[in-house]
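Open the model in your viewer and keep the selection panel at hand. The tour goes stop by stop.

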Amino acid sequence: MAAAVDPSLFKDAAVVLATAGVIVPFAKSFKINSVVAFMACGALLGPYGLGGLVASVPVLRAITVADPESLAGPAELGVAFLLFVIGLEMSFERLMTMRRLVFGLGLGQVGLSAAIIGAAAYWLGQPATAALLIGFGLALSSTAIVVELLSASRRMTSSAGRASFAVLLCQDIAVIPLLFLISVLGAQNGGSLIASMAKAGLQACAAIAGIVVIGRWALRPLFRLVASTDSSESFMAATLLTALGTGLIAATAGLSMGLGAFIAGLLLAETEYRRAIEVTIEPFKSLLIGVFFLTVGMGINPAQIAAQPFAIIGIAIGLVAVKAAIVYGLGRAFKLSAATSIEAAIMIGPGGEFAFVLLSAAAGAKLIGEDAISLVLAAVSLTMVTLPLCARMARLLAARLAKPVILPEEARILPPLDQTDRAIVIGCGRVGRLVGAMLEEHKKPYIAVDSNPTLVASQRRAGRPAFFGDATKPDFLKLCGIEDASALIVTIDTNKAVDETVRVARALKPDLIIVARARDAAHARHLYELGVNDAVPETIEASLQLSEAALVGLGVPMGLVIASVHERRDVFRRELKPAAAPAPALPRHGRSRRL
């Protein structure tokens, strides 16, 4: 007979899943931010909420988490996956394009905010090291909440959205050296700080070099091999192994798991598998990030807030005021409009999740006292909870002041998806390559995607913008920038995949120009019903081209032949396209004689 299972072993996991699967969707129906919902649930179900009443009301044990440490492992994984995705979203090209805002506006915000907040903490009696770490921790903002709010309101493409993202990008980069600094300071045993940093630096460089060398040598062949199996489960396993494995290597070397995962993301950002990896990891990242914010909420002590309300509220107001003033001043110095600067300032002003990561790590290394940590993090939590309200107020205030202006050239790339007004070519085979060559000849920007890793790799080696992924998945097409694409050209020869790609693309963007390759007349008719602007049947087009070559060879003048082929092609199109077609036909002028 099987041994009895202790339900308490799985109770915390059930609480997390119930929060993510039931409470958060319910909160979203009332337009409550998911991060705020996780934090609120953590505060309610944690040891300072209902969990503190378990002794007197034992039945509450089934729905609460009395020991937040039991979720520490999944929460740390959540941070690692967040940094992994941040690494994926970065690239050398993007950083260089946005360098003026990222390393100017962003670096200025982090440095000035850390200096002013750190000086205030030192003036209030904190030791120099603690004040420094508090300054940097509170200088950071919430990437998770701000990006979600901007995306939900479709403000990522606005000037304020792009400026905010540039600052957040710089902050995310700054987290890596700050985590390293904390590990060095925590490991120091009374010796020379310079000697400790030199020793730790050598150890870190060796670990990072090992990760980079192994990654560059192994990651692309690994994902090419896994992708060739056409197994989504294997691809998912390889993705999770890469993020977790590099994190563990870094942790073994005395660094943070997040640093290792971040490096792995950077290595994969330049590969053709980047967007497919983002789609694969999104559900895991969201759930684990939710666990992290759940643990953040569990650290909120309502009794402490009630005991020191003025101190916490004062810190929260001061934090937002200082950071907002710095961002506004820097924004104006970088020639952003008043409206853009104010909206970005209010979005960046509140604290963020990395304050919990950095200050909790500092507390674990005995660099900051528990009382100071508790007070500061309570204020940060308060500012994060009010972020949705701040975002709404920022939009209203910016709208009253002035119309947003276009940012400088370096800010025109839409983060984090590299979306521009380009065509998307589905398929890297013979037809797809020819279409791409024609687009290049006419200087039309495009990206090509295919689920065949060998074809994608050959295109990448030829210097073409090709990515691995499944175009029938809505999330993947979104990552490819379909919402801002000018056209979708489907060149693959599998009827089912063509149909599903067209169906998904038309649902995502009803006014998108879609041109699709069809097997025959019947398939072309079906594609018109699905909503393509134009369908090109292989059998009919081959017949027309054969007829054209034969007639010219028989001595019929070229002009008459071309006119006849055009006329016959239009006849076929009218016969195939339904009378009440869901998508308008492409304009006839300027069309090539051969499709």
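A residue counts as buried under 20% relative accessible area. Arg274 has 4% relative accessibility, so Arg274 is buried. Keep in mind that this is a predicted model.

**Stop 1: helix H12.** Select residues 274-298. This helix has 25 residues and spans 34 Å from first C-alpha to last, close to the expected 36 Å. Look for a kink of about 45° at Ile281, shortly before Pro283. Of the 25 residues, 20 are buried, so H12 is largely enclosed by the rest of the structure.

**Stop 2: a pair within H12.** Show the side chains of Arg274 and Glu278. They form a salt bridge, with the closest N and O atoms 3.5 Å apart. The two residues are four apart in H12, about one turn of the helix. Glu278 is buried too, at 7% relative accessibility.

**Stop 3: Arg220 and Glu272.** Their side chains meet in a salt bridge at 2.4 Å, N to O. Arg220 sits in helix H9 and Glu272 in the loop between H11 and H12, so the bridge ties together parts 52 residues apart in sequence. Glu272 is buried at 0% relative accessible area, while Arg220 is partly exposed at 31%.

Stop 4: Pick Glu500 and Arg503, a salt bridge with closest N and O atoms 2.8 Å apart. Both are partly exposed, Glu500 at 30% and Arg503 at 39%.

**Stop 5: the surface.** Select Phe26, Phe30 and Ile32, a nonpolar patch with about 340 Å² of accessible area together. Phe30 lies in the loop between H1 and H2 and is exposed, at 56% relative accessibility.

Terms used: Residues numbered from 1 in each chain as written. Predicted model: local features only at pLDDT ≥ 70, side-chain atom pairs only at ≥ 80, totals over all residues. Heavy atoms only, no water. Patch = residues over 30% accessible without salt bridge, like charges linked within 9 Å, V, L, I, M, F, W, Y side chains within 5 Å. Areas by Shrake-Rupley, 256 points an atom, 1.4 Å probe, with all protein chains shown as cover. Salt bridge = Lys/Arg side-chain N within 4 Å of Asp/Glu carboxyl O. Buried < 20%, exposed > 50% of the residue type's maximum accessible area, 1.4 Å probe, protein only. Expected span 1.5 Å × (residues − 1). Bend = angle between axes of the 7 residues up to and from the residue.
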